[in-house]
Amino acid sequence: MIKACALQLRFENKEKYIEDINKYLRDIKADIVVLPPLAGLLFSSSAEYLAFHLELSKGKDFVLVPGSFIEDGYHKAVIMQRGKILHTQCQTHLSGQDERDGLKRGDELEICPTAVGNVGILVGNDCFHPQCGRILGLQGADIVVGLYAVEGGYNRWLQLSGIWQQVQQNQFFAVECAANGRIRDKIYAGRSIIHNPIWGGSSGILGEMGEDEEGVLAAVLDFDKRNEIKSVYPLYKYLNRKLYKKEWGY
């Protein structure tokens, strides 16, 4: 079993962010930790943001996904462990606002083998595109990190139309961490949620936080139950794998 954690914070400035990171992660016991998206915008540069989290990860055993940041026109996220970056993922589908902000579109979605299994990342608007989760699932994703960053007031049904559905359609776990608060005059709201493929007695949600909360959301990912669901209902057996292979290479 894997213990997964998502850290939900209310953004104000870099100083508060660093204080919160030190407060909540000082003694945390986990196998994978996900931090809020867009926190990189609180720092003077992506290099400063990454350097801070690389130093943080040096003394920790957990796999760390330190939120997201903007670099070279791309909305990016990374996976790191023990002071090294293992994987970089760019957002591949842009919203209308992303286009107006001048962001560029990434063109690859890849999983990363880690100590907790194969991990993939869905950055920002990718959370709402089912083909993104399917591509990661076809590659053998065990855990998908969803970095949920939506402007405006909280919309429960909008959020559930994203990662929750992707989990049920692909039978991986997901750790969804949401942006909350103000960054560069934009307001964000969302709930951090840890999702599982539905099994007996479960709604597909292992735990969640209210959008007005701060702190650590934790849940245990039971891979035995997940594998049992996959054996009872081998979803991918019913897909046209030859067509996926032809179109996407997976």
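Me: Happy to look at this one with you! Which residue in β6 is the bridge partner of A77?

Reply: A predicted model is shown here, with local features needing pLDDT of at least 70 and side-chain atom pairs counting only at pLDDT 80 or more, while totals for chains, interfaces and linings use all residues. Residues are numbered from 1 along each chain as its sequence is written, and side-chain values use heavy atoms, leaving out hydrogens and water. Strands β5 (residues 74-81) and β6 (residues 84-90) run antiparallel and are joined by six bridges; strands are DSSP runs of E with at least two residues, helices are runs of H or I with at least four, both numbered from the N terminus, and two strands pair if DSSP finds at least two bridges between them. In β6, A77 has as its bridge partner Q89.

Me: Which residue takes a positive phi in the hairpin of β5 and β6?

Reply: Two residues lie between the strands of this hairpin. The positive phi, near 50°, belongs to R82.

Me: Thanks! Which strands stand at the edges of the open six-stranded sheet?

Reply: The sheet has mixed pairing and the order β7-β8-β9-β10-β13-β14. Two of its strands have a single partner each, so one side of each is left without a neighbour in the sheet. Those edge strands are β7 (112-114) and β14 (205-208).

Me: What angle does the direction of α6 make with that of β10?

Reply: Helix α6 (residues 163-170) packs on the sheet and touches β8, β9, β10, β13 and β14, where contact means heavy atoms within 4.5 Å. Axes are lines fitted to C-alpha atoms, for helices over the stretch in contact, and angles run from 0 to 180 degrees between N-to-C directions. For α6 and β10, the angle is about 170°.

Me: Is helix α4 largely enclosed or open?

Reply: Seven of the nine residues of α4 (residues 130-138) are buried, meaning under 20% relative accessible area, with exposed over 50% and partly exposed in between (1.4 Å probe, protein chains only). The buried ones, including C132, I135 and L138, pack against β8, β9, α6 and α8 (241-248). With seven of its nine residues buried, α4 is therefore largely enclosed.

Me: And is V232 buried or exposed?

Reply: V232 is found in helix α7 (residues 223-232). Its relative accessible area is 65%, so V232 is exposed.
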